[in-house]
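I opened this model to look up a few local features, and I keep my notes here in the order in which I checked them.

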Amino acid sequence: MEPARAIWIKDPLGILADGAERGIVVQQGKIVELVPKGGQPRTPAAFFEAGDHVVLPGLINTHHHFYQTLTRALPAALDRELFPWLQALYPVWARLTPEALDLGVTVAMSELLLSGCTTTTDHHYVFPVGLEDAVDIEVGVAKRLGLRVLLTRGSMNRSQRDGGLPPDSVVQDEDTILADSERVVAKHHQRGEDAMVQIALAPCSPFSVTTSLMRATADLADRLDVRLHTHLAETEDENRFCEQIYGCRPLDYLEQCGWLNARTWLAHGIHFNAAEMKRLGKARTTISHCACSNQLLASGSCPICDMEEAGVGIGLGVDGSASNDASNLMQEVRAAFLLQRARYGVGRVSHKDALRWATKGSAACVGRPELGEIAVGKAADLALFRLDELRFSGHGDPLAALVLCGAHRADRVMVGGKWVVADGTIPGLDVSDLIRRHSAAARAMQA
């Protein structure tokens with residue numbers, strides 16, 4: 001069988017790569033050539049004329065809760081900090097059905113794709129009766145849309161009657177959680193550089209799971225060789241909870257449970273002190289920075305520059321669509337840039353830092369070094385943006401314009417060498433019908 005025809009993405013307006021002024025050549029899902037200024041491809045290839053496009057590595061989303069697209073801007077949850085915000089939303093999330101979840105996931109993944117995201121994680125931890133196959137539903141949507149995913153089998157087993165936050169209706173017992181975790185890994189987890197679907201294990205947070213489940217999940221992840229994920233150091237309330245219940249700070253608790261290692265990436269990481277940052281760096285545990293959610297819930301700001309100086313890898317996450325009210329990763333890049341620029345100043349944070357967090361940094365969070373970079377041998381996951389909107393008129397540097405002028409919609413997106421977004425649309429997706437059905441499901445849940 002002859003190899004698939006190569007594609008030369010030719011003469012881009014701008015590209016986030018050195019030595020690729022005339023573009024790149026992709027073949028069989030990989031980047032096989034960078035074409036320098038004045039050069040020609042060595043590989044025979046058809047070409048895609050990219051003169052109107054800025055080319056980025058596909059953006060990678062490291063934290064989300066897809067189902068929350070069904071509860072955006074919910075009146076009962078407005079103007080609340082994290083704990084009361086969760087208490088307002090848990091009863092609504094308890095009404096999730098398989099059909100509603102499918103719609104919520106489809107909306108979230110579609111938004112992400114259209115924002116230039118080629119790989120996403122999800123943290124699904126709400127399992128009311130009838131929604132036991134939530135991860136399977138998510139896998140089905142990802143395959144329909146062509147998005148690369150690392151889906152986490154989340155969990156909660158500490159309900160209100162045990163001193164936790166969630167109601168009894170959305171938690172499961174430890175044996176059920178561990179058995180299903182093993183099931184979904186066996187059924188769906190793919191290995192290798194071409195993997196499209198991977199699974200990680202993700203107890204929700206210190207205030208919604210037991211110590212026994214935390215430790216057992218770490219042991220299971222080690223045995224199955226999959227990654228670990230949870231929320232940590234998001235709020236001062238969490239610090240107080242851990243000190244009151246466990247007699248230590250959240251990172252100490254994490255280490256006691258066997259989680260402080262390179263297998264783990266953590267959402268938020270706002271309230272670590274300097275010594276804890278050094279421990280994270282030494283352990284090679286990474287952090288997903290969720291700028292929009294942290295601002296909306298007034299949780300604080302992840303100290304990214306201090307983290308990186310301590311050796312901690314940083315990626316970006318949009319977080320749930322009820323705490324962000326969006327699933328747009330390109331907008332998250334700008335939000336992270338502005339938040340960290342305001343914190344650290346002009347000399348320490350540039351637009352290229354923000355793009356790096358969403359690409360190479362996020363790839364480290366998900367354990368996929370073959371992603372997040374335009375280089376020979378890396379996956380052909382790419383996001384192409386046009387600069388023909390009013391917001392870009394008068395721009396100079398095209399890469400800077402994406403961040404500073406507020407790019408939010410990709411014109412073309414490629415995953416594994418295949419176009420999954422063309423001319424700003426997802427082929428075969430009826431967006432109007434999706435909005436109609438999704439909105440109806442949201443109204444039914446919120447009624």
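Which residue in E6 is the bridge partner of Gly14? I found that Val54 of E6 takes that place. For the record, I am working on a predicted model, in which local features need pLDDT of at least 70, side-chain atom pairs count only at pLDDT 80 or more, and totals for chains, interfaces and linings use all residues. Residues are numbered from 1 along each chain as its sequence is written, and side-chain values use heavy atoms, with hydrogens and water left out.

**Sheet.** I followed the strands (E, DSSP runs of at least two residues, numbered from the N terminus, as are the helices, H or I, of at least four). E2 and strand E6 (residues 53-57) run parallel and are joined by 2 bridges; two strands pair if DSSP finds at least two bridges between them. They belong to an open sheet of 5 strands with mixed pairing, in the order E2-E6-E15-E16-E17. Its edge strands, each pairing on one side only, are E2 (14-15) and E17 (418-421).

**Annotation.** I looked up the UniProt record, an unreviewed entry, whose annotation "domain: Amidohydrolase-related" covers residues 54-420; its positions are given in the numbering used here, feature names are shortened, and annotations may be inferred rather than shown by experiment. In the model, that span is 40% helix and 16% strand, and its end C-alpha atoms lie 17 Å apart.

**Cavities.** I searched the whole structure and noted 2 cavities of 30 Å³ or more. A cavity is a set of points, on a 1 Å grid over the protein atoms alone, where a 1.4 Å probe fits but cannot get out, and lining residues have an atom within 4 Å of a point. Grid points are joined across faces, edges and corners, and a volume is the space filled by probe spheres set on the points. The largest cavity has a volume of about 120 Å³, and of its 17 lining residues, Leu82, Leu86, Tyr125, His231 and Glu234 are the closest to its centre. Helix H1 (residues 82-93) gives the most to this lining, with 4 residues. The second largest cavity has a volume of about 60 Å³, and among the residues that line it are Trp85, Leu89, Leu296 and Asp325.

**Helix H8.** In H8 (residues 274-283), I noted Glu276, Met277, Leu280, Gly281 and Ala283 as buried, meaning under 20% relative accessible area, with exposed over 50% and partly exposed in between (1.4 Å probe, protein chains only). Seen down the axis of H8, these buried residues fall within an arc of 165°, so they line one face of the helix; the arc is that of the directions from the helix axis to the C-beta atoms. The face of H8 turned away from the buried side carries the exposed residues Ala274, Lys278 and Lys282.

Definitions and conventions:
On a 1 Å grid over the protein atoms alone, a cavity is a set of points where a 1.4 Å probe fits but cannot get out, and a pocket is an open set with protein on both sides within 12 Å along at least five of seven lines; lining residues have an atom within 4 Å of a point.
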